[in-house]
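Have the viewer open as you read.

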Amino acid sequence: MSIITYIVDNWGTLGPQAVTHIEIVAMSMAAAALIGLILGVFAARSERFSTLILGVTSTLLTVPSFALFGLLSIWVGLGNPPVIVGLVLYALLPVVRNTATGIRAVDPAVTDAARGMGMSPIQVLARVEMPLAAPAILGGLRQATVMVVAIATVGATVGADDLGQPILEALGRSSGTLAQVLAGVIPVALIGLTADLILAGVQRALSRGTAREAGG
Amino acid sequence: MITFDRVSKRYGRVTAVGELSLEIASGEIVVLAGPSGCGKTTSLTMINRLVEPSSGTISIDGRDTAGMDVNALRRSIGYVIQQVGLFPHQTVAENIATVPRLAGWNRRRIAARVEELLEMVGLPPVEYGRRLPAELSGGERQRVGVARALGADPEILLMDEPFGAIDPVVRVRLQNELLRLQKVLHKTIVFVTHDIDEAVRIGDRVALLSQGGVLEQYARPVELLAHPASPFVAQFLGEGRMVRRLALLRVRDAHLAEPNGSGLPAETVGADASLRDALDAVLRAESGRVTVRDADTVLGVIDSESIREASR
Ligand SMILES: Nc1ncnc2c1ncn2[C@@H]1O[C@H](COP(=O)(O)OP(=O)(O)OP(=O)(O)O)[C@@H](O)[C@H]1O
Ligand SMILES: [Mg+2]
């Protein structure tokens with residue numbers, strides 16, 4: 001198999017690129033999870049804020065990724081930073097939307113009982129609403145992660161040294177081979193699948209007592 | 001003692017509760033009854049301030065609740081809501097531990113309390129403690145709801161149609177269990193229902209509300225059934241109220257006849273049976289007379305005339 005041989009032969013460069021790829025995804029997802037959760041909680045509380053934030057985040061998703069990364073690179077420079085910032089923006093919609101939906105889906109009887117027993121608003125959120133919304137939130141994180149793993153390849157256009165590089169090089173050269181393209185695509189697919197499986201496991205573990213939410 | 005002093009709750013132009021004044025004595029079960037939408041839940045939840053009154057004051061043992069820390073107030077009052085509202089992601093034991101945990105009890109004390117409460121509501125701790133609410137029947141869930149409300153041993157218990165969604169047979173059993181618990185616990189219980197039969201069975205007193213949270217009558221069940229204060233009350237009580245009232249009276253309290261020359265009737269009824277059961281026995285008895293026994297002692301003889309007298 002020439003593809004496998006190619007990957008093994010070029011592991012010296014592909015390996016570090018895969019690591020960078022994972023780092024970019026991990027950093028952007030960590031930031032997106034934090035920001036998305038907070039925005040999602042506010043969106044669950046206020047209909048007007050919900051309309052606003054979902055409008056903004058879905059509009060962001062319509063901006064072509066190389067254009068967004070390009071614009072951001074003017075601002076934060078070339079390399080990984082514009083890619084990380086851009087991916088955070090893309091990842092927000094699924095996280096915000098699922099967080100808001102998950103919290104809103106909590107039975108009002110349950111939150112009434114919690115308040116009636118003397119939980120403060122923060123305690124109701126942390127002990128009741130978040131645990132019950134967790135499967136939905138994880139579903140959003142899964143969607144976002146799979147998307148971000150794929151889009152991160154475009155980051156190569158602004159100089160991110162991730163798995164987009166072998167693809168970009170192959171496409172930019174007349175001598176580029178299919179093996180070169182696949183050398184980037186296959187590890188990206190494996191990273192996406194692995195991340196999804198791990199998050200699906202977490203989602204299942206957190207679903208205790210709550211309706212299983214579809215993840216994909 | 002819980003005191004409502006001209007308490008109103010308005011939502012825009014709608015008056016949910018209007019100028020309600022009510023005294024709920026410590027250690028009594030007071031039932032708030034009335035048709036759907038008459039303001040029962042609103043009145044109840046103004047006690048733990050889930051709903052804040054628009055005007056008027058509610059005080060507990062003379063202290064205005066408006067000045068109290070709201071979460072501390074709620075932790076001191078047990079609350080069983082209309083749809084139970086158990087936390088689906090927590091085990092039965094964790095649910096019951098909610099208020100003790102909020103109050104910062106230590107682990108050992110909480111575990112002991114949970115066990116005690118599960119025993120109290122008739123659910124063996126070993127079998128039920130680790131189950132999730134989804135793994136319980138409706139009746140079991142209601143019991144866990146009651147146990148959870150009793151968590152930190154509050155003086156006051158608010159119960160909003162706690163047995164609403166339960167089939168009639170289990171419902172009567174749960175009512176009896178509550179009455180049995182109350183004999184031991186002596187809590188001040190405010191109990192909401194739209195079922196008048198439940199109201200007169202459970203309540204030491206019944207507050208009957210009509211639309212807009214207007215107090216139509218506040219009386220002991222036997223008084224309410226015998227002397228409805230308004231046509232609304234009479235209509236809400238429904239058909240056959242004097243017969244139903246017999247269920248609330250004890251044979252022991254009736255004026256019994258001495259056994260006459262013809263000897264004791266073979267049919268018997270216990271002294272603690274209701275007059276309704278006595279009437280049933282009288283109607284079945286050949287002679288129309290029934291012997292009243294208290295264990296081995298004969299107290300006398302009861303007939304339709306003595307039942308009629310006792311029911312006035
Ligand atoms: N948050 C609210 N906003 C506006 N109106 C309300 C609100 N809560 C209750 N109401 C109104 O106040 C009235 C009393 O409501 P409440 O829930 O106290 O009735 P209830 O006696 O408990 O009825 P049910 O037996 O159906 O539970 C109703 O007309 C209801 O529509
Ligand atoms: Mg109600």
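A backbone N or O atom of B:G39 lies 3.0 Å from an oxygen atom of ligand 1 in this predicted model. Two side chains also place polar atoms by ligand oxygens, B:K40 at 2.8 Å and B:T42 at 2.5 Å. Here are these contacts side by side:

| Residue | Atom of the residue | Distance to an oxygen atom of ligand 1 |
|---|---|---|
| B:G39 | backbone N or O | 3.0 Å |
| B:K40 | polar side-chain atom | 2.8 Å |
| B:T42 | polar side-chain atom | 2.5 Å |

The surroundings of ligand 1 also include B:Y11, B:A16, B:S36, B:C38, B:T41, B:Q82 and B:E161.

Now to chain A and its helices. The axes of α3(A), residues 47-62, and α5(A), residues 80-104, come within 8 Å and cross at roughly 150°. With that angle, α3(A) is roughly antiparallel to α5(A), and the crossing is left-handed. On the α3(A) side the contact includes A:I53, A:L54 and A:L61, which meet a set of α5(A) residues with A:L89, A:V96 and A:R104 among them. By class, this contact has 9 nonpolar, 3 polar and 3 charged residues.

How do α7(A) and α9(A) run relative to each other, roughly parallel or antiparallel? The axes of α7(A), residues 121-151, and α9(A), residues 178-205, cross at roughly 175° and come within 9 Å, so the two helices are roughly antiparallel. Among the residues in contact are A:L138, A:G139 and A:R142 of α7(A), and A:I191, A:G192 and A:D196 of α9(A). The residues of this contact divide into 12 nonpolar, 4 polar and 2 charged.

Methods:
Residues numbered from 1 in each chain as written. Chains lettered and ligands numbered in written order. Predicted model: local features only at pLDDT ≥ 70, side-chain atom pairs only at ≥ 80, totals over all residues. Heavy atoms only, no water. Axes fitted to C-alpha atoms, helices over the stretch in contact; angles between N-to-C directions. Helix = DSSP H or I, 4+ residues; strand = E, 2+ residues; numbered from the N terminus. Parallel < 35°, antiparallel > 145°, perpendicular 65-115°, else oblique. Left-handed = near helix turned anticlockwise from the far one by under 90°. Contact = heavy atoms within 4.5 Å. Nonpolar A, V, L, I, M, F, W, Y, C, P; charged D, E, K, R; others polar. Near = heavy atom within 4 Å. Polar contact = N/O pair within 3.5 Å; in protein donor to acceptor, adjacent residues only side chain to side chain.
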